[in-house]
Amino acid sequence: MTDIYAMGSVTPLLTPYKIGNLDLSHRVVLAPLTRQRSYNNVPQPHAVLYYSQRTTNGGLLIAEATCISPTARGYGDIPGLWSEEHVHAWKPIVDAVHAKGGIFFCQIWHAGRVSNTCYQPNGEAPVSSTDKQLSPQPRGSGTEVNTFAKPRPLSIHEIPQLINDFRLAARNAIRAGFDGVEIHGAYGYLLEQFMKDKVNDRTDEYGGSLENRCRFPLEVVEAVVNEIGAERVGIRLSPYAEYLDCGDSNPEALGLYMVNALNKYGILYCHMVEPRMITVGEKGECPHSLVPMRKAFNGTFIVAGGYDREDGNKAIGEDRADLVAYGRWFLSNPDLPKRFALNAPLNEYNCQTFYTSDPVIGYTDYPFLDDAAASPM
Ligand SMILES: Cc1cc2nc3c(=O)[nH]c(=O)nc-3n(C[C@H](O)[C@H](O)[C@H](O)COP(=O)(O)O)c2cc1C
């Protein structure tokens, strides 16, 4: 079959799109990417360059997972948004993205049981829906293995506090200048530990039925919508993922239940991870599709997971998505939209430096197309 997009003449990814009141000039979104370079949870000046390198006029960027509170931490050097210091530290980063015409959402996150006592206040146990401990998991290049502590299930009386932490983090994101927030409801972290029946073993009103398991995530959505307005709220979901031992017996029912419930709040977008993604980076054959969720959801639908230029164009061209988020290719190609426009070759990504703490190497040193043209042959 001929690839109609290969010559660069038809590139649905490069067509404009209106998301709420915001005008996007193209549909290539920067996916949220944890980089663990925010020392002591404070966003650093080197992130100014990193994000502005990936900014285009009218492009949408989603910032890396950002902790809503000290208990939200699951890895080292993740940025936070619970203190004034964090708000001030984010501001120059957000300003740099805006100065180049980008639209910038912050992903707000709680790791739940994907944590260890060393990241928790007073060395306490991490919190979750359950007390089921996560087994050690490979990370990055696969040679690194993370271990996790046995979690403590949240009592029903503590849940309002967690909801409030999400609300305050959303408020802080807006104070830092972000255009909105993406609630992290994907990939096995706290909100998914409630949604998915292979992890959630509660017997109270936050466990058992689908409605009960989705209650906490939807209460978070409601609180954040009330705080900053539905037009500034997106959510990320991965109903099919089994990442971090967080699977569900009926992912399609879960995905459909969530998008239908989200419609009631009128949020800006739903960002879903493709069922073909077995882990964060491993793509498999898969009979399932996100089309039922795309059809049921009233707002903007963003897809992510294993996309390249060709199937991103197909997803937009066939109306299976409004926008496509790119993770690893955007990490290693700061000018990804331009490369897609020109159908230019891509830099390979180096998974050895995904989570290392160097402020330059594997972070802001991936070359632009122009650099290649300028370098001697
Ligand atoms: C280094 C790295 C960090 C990531 N951090 C996050 C994150 O903070 N939040 C999130 O929702 N997903 C995160 N992901 C998942 C990506 O957003 C994306 O869904 C995944 O890489 C699949 O898309 P891709 O095939 O385009 O890379 C991360 C992935 C990688 C490789």
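Strand 4 (residues 60–67) is largely enclosed by the rest of the structure, because 8 of its 8 residues are buried (under 20% relative accessible area with a 1.4 Å probe, protein chains only; exposed is over 50%, and partly exposed lies in between). Strands here are DSSP runs of type E with at least two residues, and helices are runs of H or I with at least four, numbered from the N terminus. Strand 4 runs parallel to strand 5 (residues 103–109), joined to it by 6 bridges; strands count as paired if DSSP finds at least two bridges between them. Within this pair, Ala65 stands opposite Gln107 of strand 5.

The model is a predicted one, in which local features need pLDDT of at least 70 and side-chain atom pairs count only at pLDDT 80 or more, while totals for chains, interfaces and linings use all residues. Residues are numbered from 1 along each chain as its sequence is written, and side-chain values use heavy atoms, with hydrogens and water left out.

Two loop residues complete the picture. Asn40, between strand 3 (28–30) and helix 1 (46–53), has a positive phi near 55° and counts as exposed because its relative accessibility is 67%. Asp77, in the loop between strand 4 and helix 2 (84–99), also has phi near 55°.
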